[in-house]
Amino acid sequence: MNDNKLTIEEIQCLIWFGLTLHQIRKTDLATFERLYYENQAQFDVWLDKAEKLFDREYEMGVKVMSIQDGNYPANLLAIGNDAPPIIHLLGNSRLIERTDSVAIVGARAADRQGLDAAFSLGAKYASEGKVIVSGLAFGCDKAAHEGCLSVGGETIAVVASGLNITHPIENRPLQSRIIENDGLLLSEQPFGVKANPSRLVARNRLQVALSESVILAQSPEQSGSMHTMRFARKYYKKSYAVEFSKYTEINGGNRLLIESRQAIPLKS
């Protein structure tokens, strides 16, 4: 047991205080106490807020884990200073320990070919026993989760909001099905935080970190999914992109990655 390990509430205070992950990982109890006494009024407010926040999460069945916990997932530790200081988990938290997960991502405004590719790939890899990771968004994300669930597979939805908010709200039934089928919702955001463009991009790195390989189902050249593929290269993950017989604006990202040899071509 590490007596210097901070509580989850103390870690959350450091996040609100503005410390970097590197600083948070090095902060022991003595350092925290020094910061506390230098900023006592503000820290008292934050500690009270954090206690109430995490009480709400625990009541809803959410598991909260910090970077200082011994069971913090190794695949997130592996991305170094990109790792989230705290993660919030609802559902089958054992899935974050898997090393054979496959991320399937793609554009929200996908066409039928793209949706079919995401669905069939989700079903294919789930039927092989792999965990399917995606982002619970419209389009390819939703199709990948649904493909996985269609064969009784396990899936992780990495989201950009607190776990008491479903984004987009229309995917609430899918979110419920994921939990009911022994899947997992994961976020680095606490209750009450809404998704926004920067958080949606940031959550893409976690989809990649949790996965052995990353597949682009369909995407134009300018899309959030292309951020995900950049994270895949940054973290040295196997990158794949679905091949299409005809390339248009809606799947131009696939062609770009394949032709530049940044992704291995893949038939859906």
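User: Is His145 buried or exposed?

Analyst: In this predicted model, His145 is found in helix H7, residues 140–150. Buried means under 20% relative accessible area. His145 has a relative accessibility of 0% and therefore counts as buried.

User: Leaving aside neighbours within four places in sequence, which residues is His145 in contact with?

Analyst: Helix H7 is mostly covered, with 8 of its 11 residues buried, and His145 is one of these buried residues. What covers them includes E3, H6, E4, strand E5 (155–158), helix H8 (172–180) and helix H9 (197–209). With neighbours within four places in sequence left aside, the contacts of His145 are Ser134, Gly135, Leu136, Thr155, Ile156, Ala157, Leu174 and Ile178.

User: Which residue just after H7 takes a positive phi?

Analyst: The buried residues of H7 include Cys148 and Leu149. Just after this helix, a positive phi of about 75° is taken by Gly152.

User: Which strands are the edge strands of the open sheet?

Analyst: The sheet is built from 9 strands in the order E1-E2-E6-E5-E4-E3-E7-E8-E9, with mixed pairing. An edge strand here pairs on one side only, and this holds for strand E1 (63–66) and strand E9 (264–266).

User: What is the bridge partner of Val102 in E4?

Analyst: Strands of a sheet pair through backbone hydrogen bonds, either parallel or antiparallel. Strand E3 (residues 102–105) and strand E4 (residues 132–134) run parallel and are joined by 2 bridges. In E4, the partner of Val102 is Ile132.

User: What angle does the direction of helix H6 make with that of E3?

Analyst: Helix H6 (residues 112–127) packs on the sheet, where it touches E3, E4, strand E7 (213–216), strand E8 (238–242) and E9. The direction of H6 makes an angle with that of E3 of about 170°.

User: Why are the buried residues of H3 on the same side of the helix, and which helices do they pack against?

Analyst: In helix H3 (residues 29–38), the residues Phe32, Leu35 and Tyr36 are buried. They lie on the same side of H3 because they cover an arc of only 105° around the axis. On the other side of H3, Tyr37 and Glu38 are exposed. The packing partners of the buried residues are helix H1 (8–17) and helix H4 (40–59).

User: What is the centre to centre distance of the aromatic pair formed by Phe32 and Phe43?

Analyst: The structure holds 8 aromatic pairs. One of them joins Phe32 and Phe43, which is edge-to-face with 65° between the planes. This pair links distant parts of the chain, since Phe32 is in helix H3 and Phe43 in helix H4, 11 residues apart. The centre to centre distance is 5.6 Å.

User: What angle lies between the planes of Tyr36 and Phe43?

Analyst: Both Tyr36 and Phe43 are buried. Their rings form an aromatic pair at 6.4 Å centre to centre. Planes over 60 degrees apart count as edge-to-face, and this pair is edge-to-face, with an angle between the planes of 85°.

User: Which residues form the aromatic cluster?

Analyst: Phe32 is buried, with a relative accessible area of 4%, and Phe43 is buried at 0% relative accessibility. Both belong to one aromatic cluster, whose members are Phe17, Phe32, Tyr36, Tyr37, Phe43 and Trp46.

User: Over the ring of which residue does the charged end of Lys124 sit?

Analyst: Lys49 lies over the face of Trp16, at 4.5 Å from the ring centre. The charged end of Lys124 is 4.2 Å from the centre of the ring it sits over, that of Tyr125.

Notes:
Residues are numbered from 1 along each chain as its sequence is written. This is a predicted model: local features need pLDDT of at least 70, side-chain atom pairs count only at pLDDT 80 or more; totals for chains, interfaces and linings use all residues. Side-chain values use heavy atoms; hydrogens and water are left out. Buried means under 20% relative accessible area, exposed over 50%, partly exposed in between (1.4 Å probe, protein chains only). Helices (H or I, at least four residues) and strands (E, at least two) are DSSP runs, numbered from the N terminus. The arc is that of the directions from the helix axis to the C-beta atoms. Contact means heavy atoms within 4.5 Å. Two strands pair if DSSP finds at least two bridges between them. Axes are lines fitted to C-alpha atoms, for helices over the stretch in contact, and angles run from 0 to 180 degrees between N-to-C directions. Rings of Phe, Tyr and Trp (its six-membered ring) pair if their centres lie within 6.5 Å; planes under 30 degrees apart count as stacked, over 60 as edge-to-face and the rest as tilted. A charge sits over a ring if NZ of Lys or CZ of Arg is within 6 Å of the ring centre and within 35 degrees of the ring normal.
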